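Reader: Please show the structure, and then let us discuss its side-chain contacts in turn.

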Amino acid sequence: MFTLAEVASLSDIQPTYRILKPWWDVFMDYLAIVMLMVAIFAGTMQLTKDQVVCLPVLQSTVNSKVQPDTAGKADFTTVETTTGQEEASVRTVSFGSAPTPTITPDILLSRATSSQYQPTESGQEPKKEQKDSSGRKTNLDFQQYVFVNQMCYHLALPWYSKYFPYLVLIHTIILIVSSNFWFKYPKTCSKIEHFVSILGKCFESPWTTKALSETACEDSEENKQRLTGAQSLPKYVSTSSDEGSPSASTPMITKSGFKFSADKPMIEIPSVTILDKKDGEQAKALFEKVRKFRAHVEDSDLIYKLYVGQTVIKTVKFIFILCYTANFVNTISFEHICNPKVEHLIGYTQFECTHNMAYMLKKLLISYISLICVYGFICLYTLFWLFRIPLKEYSFEKVREESSFSDIPDVKNDFAFLLHMVDQYDQLYSKRFGVFLSEVSENKLRGISLNHEWTYEKLRQHVSRNAQDKQELHLFMLSGVPDAVFDLTDLDVLKLELIPEAKITAKISQMTNLQELHLYHCPAKVEQTAFSFLRDHLRCLHVKFTDVGEIPAWLYLLKTLRELYLIGNLNSENNKMIGLESLRELRHLKILHVKSNLTKIPPNITDVAPHLTKLVIHNDGTKLVVLNSLKKMTNVAELELQNCELERIPHAIFSLSNLQELDLKSNSIRTIEEIISFQHLKRLTCLKLWHNKIVSIPSSITHIKNLESLYLSNNKLETLPAAVFSLQKLRCLDVSYNSIAVIPAEIGLLQNLQHFHITGNKVDVLPKQLFKCVKLRTLSLGQNCITSIPDKVSQLLQLTYLELKGNCLDRLPATLGQCQLLRKSGLIVEDHLFDALPSEVKEVLNQDTSIPFANGI
């Protein structure tokens, strides 16, 4: 037999699983142990004491020789026969008028017919033996006794009396296996182990205690007193419950949920608010584990189905056991009639037997049935609990009310079922576990860790000066905005990139110098006080996004904003969403820069047309088809339409009477015959047609009388028409990277020319008239076929930049030394050509080497 310890181990599970065992499972486990004890006790008694005692029933011939003494009374006749040391007695018991003789001792079975007269030890006369006995002398009386008992044990006893302990053991093992199968099945075991592990860590995490304690401090004064206890801590009460909260119509951070406001003082409890770096990292890891576990478990309900299935199996098993066991209670009796068919061996055909364990087995069976009934009622209750409420849905509503975590999401499927099971153990587990489902709680933890890492001193080291000589701070891929940022009161530019949980608090009002803000993939949220400050002080805002939804809605309410840069996806389907609140409120907006993939200019952009002075559209290769709305932008002075796949100059541009600068860079323009219409643009001074496919310049360009800058680089020009040199106000001409072979002599007419770029062409000779442009400051002649530089280069007294690298020069003229403003840093030429210059010329050109050092002093 099994020992109790060995059998009980079948029901052992890991101690940590106890939180998933409700009271009925625990009770059924103990009932199973009691049933095991019943089985082991009954089995032990059967192995040691179970037996039957059988006596033969005399034949009818014996009955005829026995005379009844009195009718209705028992008559006892004893016949004793002694042979050697053996004694035997025959007792005839008659009941009523038909006595039935019975031979009591088993020895008589073989000794009754040994002889008629046997001498006794006392010398007495032997008694005459009854000759009616049909037994045979075998001298195997004890073996006959054992043989008959064994035969009758197997023939006369019902099978349930013999196998009852083993059936109880088998039933109990099946019930135990059914109860713990959901803990052992691989598909559920892995999830359960993970859940129990995470739940225990969440329950014991210092962050849980801190978060709940701070929430309690916010809830009520009563909770504050309960947490502080006997400590005499100062109490700070907010003067207004709405302080720092936005109005209902403003897209700001709301007060709902677990809020940690910088404007709302809070009691600090030393025992729960101290969170070291290690605890913080562990808590952040727990948030990630809970998020992944939820995504993994919520997609199925296997654990729930398996638990329901095993409960149904136990219920069916209970009904089955109860039905067939109850029928066998009455079959267990003390007396049995046995007909072993062994008359040819011992001379008797029928025996009466007694089962000495019958009474005990019957009592044990009744006890077992009682235990099974209790077990079954618990199974029925479990089924009632399983189907009474939707266990595949779990709501944290009560937890949200008690802990003020309004953002804890409800869960479903196996995740919900496991939490329902945990609630049967202790609802405190769910409450503390809910902290790690709250995004507000996670953001608070990130904020604590972030502020611990990014101190004021560390942030100060990352402040730099930009090209505009402004103090700039760039924060990249942080979990939030450190509080110490708002202590940098002298900061001019703040860049926040890839910070998904950026929060701008009221402390930003300290940054009085802040006028420019960059939000790159950073949908920042602002408090009401912070928004008021930004609305009054912010002048420039850069927003880079992937989807329109990332654009912060509050930017449309920045009434004093002057420059807005939008970089992201604004295709035709999302054009209408560019202004969630419309750009009309941006009354002071002067510059709008849109880098996207537009097919038409969104109507909301034209809403601010009367205020705009500069519009820039970079379209990333998407063809801009509809441009009629440009006509409304009558005040635009600068217009850039870059990479818009334009094939001709849009006619809508000719209506912009105030246009001063037009940039059509990186399009597909082949001809510019429409340039004649630019004569209506009296204020146009700069025309940029670079990076296109223009093959010629029409003579009508002479009508643009006020043109000062003309950019035609990276096209397919082969000649420069004389009409270009009739633009007397032209100060900058850029025709780099074309196929121009000759610089016309008419270039000498451009007396105001200051910058001339012809790099990357096929020029081999420089006309002398070029050096009549005495106002030239920049002259780019690199990557051509020039073989010599005329000495008249000395006439360019204002020249500061001269590019000659990439030509066929064998020397440089010594007259370069007469260019008073030219220095070596502005002379782009091969080293060997520079080294070949006279020493006095090199000395003049090298004078700038000491200038930066002197300026630095």
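Reader: Is Trp24 buried or exposed?
Author: This is a predicted model, in which local features need pLDDT of at least 70, side-chain atom pairs count only at pLDDT 80 or more, and totals for chains, interfaces and linings use all residues. Residues are numbered from 1 along each chain as its sequence is written, and side-chain values use heavy atoms, with hydrogens and water left out. Relative accessible area, computed with a 1.4 Å probe on protein chains only, defines buried as under 20%, exposed as over 50% and partly exposed as in between. Because its relative accessible area is 0%, Trp24 is buried.

Reader: Which kind of aromatic pair do Trp24 and Tyr381 form?
Author: Rings of Phe, Tyr and Trp (its six-membered ring) pair if their centres lie within 6.5 Å; planes under 30 degrees apart count as stacked, over 60 as edge-to-face and the rest as tilted. By this rule there are 25 aromatic pairs. The ring centres of Trp24 and Tyr381 are 5.7 Å apart and the planes stand at 65°, so the pair is edge-to-face.

Reader: How many residues apart are Trp24 and Tyr381?
Author: Helices (H or I, at least four residues) and strands (E, at least two) are DSSP runs, numbered from the N terminus. Trp24 belongs to helix H2 (residues 23-49) and Tyr381 to helix H14 (residues 358-388), so the pair links distant parts of the chain, at a separation of 357 residues.

Reader: Which residue forms a salt bridge with Lys292?
Author: A salt bridge requires a side-chain nitrogen of Lys or Arg within 4 Å of a carboxyl oxygen of Asp or Glu. With the closest N and O atoms 3.9 Å apart, the partner is Glu288.

Reader: How many residues apart in sequence are the parts that Arg648 and Glu674 tie together?
Author: The side chains of Arg648 and Glu674 meet in a salt bridge, 2.4 Å from N to O. Arg648 lies in the loop between strand S19 (638-642) and strand S20 (661-663), and Glu674 in the loop between S20 and strand S21 (686-688), so the parts tied together are separated by 26 residues.
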